[in-house]
Amino acid sequence: MIITDTEEMKYELQPLLDYFQTDVTIEFFATEEQGKINNRFCYDPQGQNHIYQYSFLIDENLTDLHKKSLKKRITKNQLYTILSKELNKTLPWGSLTGVRPTKLARDLIEYGEMKAYTVAEILERDYFVSKDKAELVANIMKNQKCIIRNDNLVDLYVNIPICPTRCSYCSFISSELSMVKDMVDKYIEVLIKELNAVKEIIKQKAYIVRTIYIGGGTPSVLTAKQLEKLLQELNFPVTEFTVECGRADTITSEKLEVLKNNGVTRISINPQTFCEATLKRIGRKQKNSEVLNAYQLALEKNFIVNMDLIAGLPGEKLGIFKRTINTAIELFPDNITVHTLSLKKGSLLYDEQEKVHIKDVEDMIKYASSTLEKNGYKPYYIYRQKHQLSGLENVGYYRDNSVCIFNIDSMEETNTIIGVGANAISKRVYNIENKIERQANVKFLKDYIERIDDIIEKKKEFFK
């Protein structure tokens with residue numbers, strides 16, 4: 001635990017302790033005088049009081065944003081050095097605790113910090129990132145050729161926070177269908193009301209909608225009739241139109257026909273694992289035969305298909321995970337995203353952490369990376385989450401130029417995203433000012449339905 005008089009630094013430093021998996025208490029205090037920062041750490045294992053003191057200068061010519069970023073970076077590096085020494089341990093991502101490693105690298109380029117060094121070299125030298133992770137970031141940036149910075153180019157996100165059942169690892173705010181079945185038609189009706197307001201905003205601001213992404217939850221839990229009603233309202237001429245159909249047990253030929261007839265170009269079918277014993281263990285009522293049937297239907301209708309897999313699921317060791325990766329490669333979908341399990345508060349699994357085998361997770365991620373790349377897949381987007389096993393990451397891989405543009409825009413925060421639906425977040429990007437503003441809709445279906453007029457007014461004000 002970090003004890004400090006600065007809440008912001010507590011927020012920055014605590015994740016490092018979590019990644020090192022230590023319950024030692026560290027006191028941190030900082031003072032500043034004429035550009036000189038003095039940091040004091042007290043590392044207190046069993047009352048031994050190991051004191052570490054550091055000083056560093058901040059260039060007064062830097063922008064306030066750059067100064068703030070530099071203070072955080074140097075302080076985190078100092079704490080990382082202390083923990084690494086005291087615990088005799090290193091982390092694959094070094095002192096990096098943020099969600100978006102590639103976005104950080106882009107910022108460093110814009111700050112002019114690269115000079116004669118490569119992205120990988122800077123990450124290794126200044127953040128203690130391991131060589132393979134630093135090279136992963138550099139490779140992903142090379143594969144993100146679709147980035148366009150244009151404040152009039154937007155992505156539209158529609159949220160369907162409903163699932164057939166709740167998986168034990170899930171911490172999303174998503175309702176089980178059986179609990180909200182009587183609310184779904186009304187939710188679609190109100191969602192369309194917000195969409196119509198958004199269309200007016202798009203028209204007034206002269207926005208161009210680049211991509212549409214319907215996520216959740218599990219959007220394919222809707223009936224074919226409900227999907228048709230919603231999709232008919234999303235009649236923008238976009239570059240890419242994605243719908244998450246993550247649970248194979250929700251996919252039918254009729255629903256896929258509705259998606260295809262309404263311009264959807266890509267879907268996700270997410271096995272998570274091909275071990276049915278694990279699926280049963282995590283509360284995911286899905287058979288491998290259902291995944292294969294759904295995938296066959298998707299291929300017949302010529303969808304671009306993504307498959308999600310998770311490393312570190314309870315009860316799984318390296319051998320089982322290898323079989324899952326190998327099976328996915330045999331199916332050869334356009335994209336494969338490999339997630340590292342995140343033990344988040346709000347998930348059923350959070351209270352059952354003893355069921356998770358942390359030891360094999362790094363080997364799982366290494367196997368996935370090397371095997372996918374040997375079989376023609378390239379990494380194209382990455383993000384990290386709090387409480388991921390071993391402080392690892394989620395990486396999306398593509399083949400044959402089939403990157404998901406929305407995933408890149410979202411993770412790199414290069415374009416405005418207009419979020420529609422319960423718990424959807426709108427993100428307004430100002431590229432010239434290097435500024436991002438966020439606005440969240442209310443989280444729960446009932447509140448969303450009851451407060452839709454207020455939500456619409458707030459959205460109009462946000463995009464004014």
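N159 has G215 as its bridge partner in β8, one link in a pairing of strands β5 (residues 153-160) and β8 that is parallel and spans eight bridges. Two strands count as paired if DSSP finds at least two bridges between them, and helices (H or I, at least four residues) and strands (E, at least two) are DSSP runs numbered from the N terminus. This is a predicted model, in which local features need pLDDT of at least 70 and side-chain atom pairs count only at pLDDT 80 or more, while totals for chains, interfaces and linings use all residues. Residues are numbered from 1 along each chain as its sequence is written, and side-chain values use heavy atoms, with hydrogens and water left out.

**Strand β8 and its partners**

- Strand β8 covers residues 208-216, and seven of its nine residues are buried; buried means under 20% relative accessible area, exposed over 50%, and partly exposed in between (1.4 Å probe, protein chains only).
- β8 also runs parallel to strand β9 (residues 240-244), with four bridges joining them.
- Within that pairing, Y213 finds its bridge partner in β9 at T242.
- As background for reading the sheet, side chains in a regular strand alternate between its two faces.

- V221 sits in the loop between β8 and α8 (224-231).
- V221 counts as buried because its relative accessible area is 10%.
- Leaving aside neighbours within four places in sequence, V221 is in contact with I162, C163, P164, L177, T250 and K255; contact means heavy atoms within 4.5 Å.
- Although V221 and Q204 are 17 residues apart along the chain, 34 Å separates their C-alpha atoms.

**Cysteines**

- How many disulfides does the structure hold? There are zero, taking a disulfide as a pair of cysteine sulfur atoms within 2.5 Å.
- C163, one of the contacts of V221, has 15% relative accessibility and therefore counts as buried.
- C275 is also buried, because its relative accessible area is 17%.

- D409 belongs to helix α14 (residues 405-412), and its 0% relative accessibility is why D409 counts as buried.
- Not counting residues up to four places away in sequence, D409 touches D155, R210, T414 and N415.
- Y19 is found in helix α1 (residues 7-20); with 7% relative accessibility, Y19 is therefore buried.
- Beyond its neighbours within four places in sequence, Y19 is in contact with K89, L91, L96, T97, R384, Q385, K386 and G391.
- The C-alpha atoms of Y19 and D447 are separated by 36 Å, with the two residues 428 apart along the chain.

**The cavity**

- There is one cavity of 30 Å³ or more. On a 1 Å grid over the protein atoms alone, a cavity is a set of points where a 1.4 Å probe fits but cannot get out, and lining residues have an atom within 4 Å of a point.
- The largest cavity holds about 40 Å³ of space; grid points are joined across faces, edges and corners, and a volume is the space filled by probe spheres set on the points.
- Which residues line the largest cavity? They are V338, I365, A368, S369, E393, V395 and Y397.
- α13 (361-374) and β14 (394-398) each supply at least two residues of this lining, and the largest share, three residues, comes from α13.
- By class, the lining has five nonpolar, one polar and one charged residues, where Ala, Val, Leu, Ile, Met, Phe, Trp, Tyr, Cys and Pro count as nonpolar, Asp, Glu, Lys and Arg as charged, and the others, Gly among them, as polar.

How values were computed. On a 1 Å grid over the protein atoms alone, a cavity is a set of points where a 1.4 Å probe fits but cannot get out, and a pocket is an open set with protein on both sides within 12 Å along at least five of seven lines; lining residues have an atom within 4 Å of a point.
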